[in-house]
Amino acid sequence: MGDRVDMVSELDNVEENISPKRRNIPGKLIQSRQKTMIINMYKDMKLKSPSKPYKKMMVEISNITGIGRNSIVSIISEYKKTGTVTSPNKTRNKKCLFDRIDDLDRNALRQKVHSFWLRKEIPTIDKILHSVNEDPALPDFKRTSLYSLIKKLDFVFTKRKRCSVLTEREDLLVWRQNYLYDVRKYREEGRTVYYLDETWLNSGDCVDKVWVDQTIRSKHDAFNKGLTTGVTDPTGKGKRLIIVHKGFVDGGLLFFESKKK
């Protein structure tokens with residue numbers, strides 16, 4: 001009898017030393033072990049008291065576990081739909097470079113590209129990279145990172161609109177056939193054959209592809225934003241320089257400026 005009294009008094013002392021129940025910290029992830037415990041408690045209540053209201057069950061489970069009622073409802077709803085409990089997603093979505101820089105830096109990068117067009121220069125990735133990394137107000141970038149960032153700013157590397165189409169006339173085909181016949185004839189006769197080639201260079205020649213800012217819709221839009229509409233095309237082809245050369249012959253180079261007549 002005395003042993004039983006001692007055991008009861010010892011249990012009373014244990015209950016007095018138990019710390020008060022703690023609520024789950026808001027925003028703290030609920031582990032799969034806790035979710036399993038909540039599901040087991042819900043099943044036990046459902047088995048013992050089938051007529052007990054659903055909301056009252058949620059409140060009781062929340063009071064026992066210290067987890068918010070809305071979280072309890074979400075866990076049980078997930079279990080009813082899938083039949084399992086899932087672990088919390090601990091992975092964090094890593095922000096890309098475009099999201100890590102603010103609007104001020106983005107606008108500054110856009111101004112850098114347009115500054116080349118204002119100087120009537122064609123911007124390239126290497127030129128933009130050098131200009132940006134030299135600016136102390138902007139962060140330093142790697143070439144690949146800057147390339148991706150410029151594309152995120154709605155710049156596209158596209159072909160210039162001015163183009164030409166090469167066609168060949170039928171008389172040129174006949175001329176080529178006669179040429180081949182003559183060359184074969186001269187080789188059979190043991191003559192020395194000299195090859196002559198010509199080309200030309202226009203002062204208005206430029207690269208085919210350039211960076212284009214797709215956010216600029218019109219000249220008025222560019223003026224309001226303090227930007228440009230991009231690189232300006234040459235007004236014309238300009239002067240033409242004719243270059244003629246007799247291959248492997250000393251002094252065989254001939255070049256002159258083309259005239260209208």
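**Helix packing, salt bridges and buried positions**

The axes of helix α3 (residues 54-65) and helix α4 (residues 69-82) approach within 9 Å and cross at roughly 115 degrees. The crossing of α3 and α4 is right-handed. On the α3 side, the contact is made by Tyr54, Met58, Val59, Ile61, Ser62 and Thr65, which meet Arg69, Ile72, Val73, Ile76 and Lys80 of α4. By residue class, the contact of α3 with α4 comprises 7 nonpolar, 2 polar and 2 charged residues. The model is a predicted one.

The secondary structure of the protein amounts to 10 helices and 5 strands. The protein has 261 residues, of which 24% count as buried. Among contacts with a separation of 6 or more, 62% are between residues 24 or more positions apart.

Glutamate 60 is partly exposed, at 24% relative accessibility. Lysine 52 is likewise classed as partly exposed, with a relative accessible area of 22%.

Another salt bridge pairs the side chains of lysine 112 and aspartate 135, at 3.3 Å from N to O. Lysine 112 belongs to helix α6 (residues 103-118), whereas aspartate 135 is in the loop between α7 and α8 (143-152), so the pair ties together parts that are 23 residues apart in sequence. Lysine 112 has a relative accessible area of 18% and is therefore buried, the cut-off for this class being under 20%. Aspartate 135, at 21% relative accessibility, counts as partly exposed.

A further salt bridge links the side chains of arginine 191 and glutamate 189, with an N to O distance of 2.9 Å. Glutamate 189 counts as partly exposed, its relative accessibility being 43%.

Two further positions were examined individually. Isoleucine 128 lies in helix α7, which spans residues 125-134. The relative accessible area of isoleucine 128 is 1%, so this residue is buried. Not counting residues up to four places away in sequence, isoleucine 128 touches Val113, Phe116, Pro123, Leu146 and Ile150. Serine 115 is 13 residues from isoleucine 128 along the chain, and the C-alpha atoms of the two residues are separated by 9.8 Å.

Aspartate 221 is found in helix α10, which covers residues 219-225. With a relative accessible area of 18%, aspartate 221 is also classed as buried. When neighbours within four places in sequence are left aside, aspartate 221 is in contact with Thr215 and Ile216.

How values were computed. Residues numbered from 1 in each chain as written. Predicted model: local features only at pLDDT ≥ 70, side-chain atom pairs only at ≥ 80, totals over all residues. Heavy atoms only, no water. Helix = DSSP H or I, 4+ residues; strand = E, 2+ residues; numbered from the N terminus. Buried < 20%, exposed > 50% of the residue type's maximum accessible area, 1.4 Å probe, protein only. Contact = heavy atoms within 4.5 Å. Axes fitted to C-alpha atoms, helices over the stretch in contact; angles between N-to-C directions. Left-handed = near helix turned anticlockwise from the far one by under 90°. Nonpolar A, V, L, I, M, F, W, Y, C, P; charged D, E, K, R; others polar. Salt bridge = Lys/Arg side-chain N within 4 Å of Asp/Glu carboxyl O.
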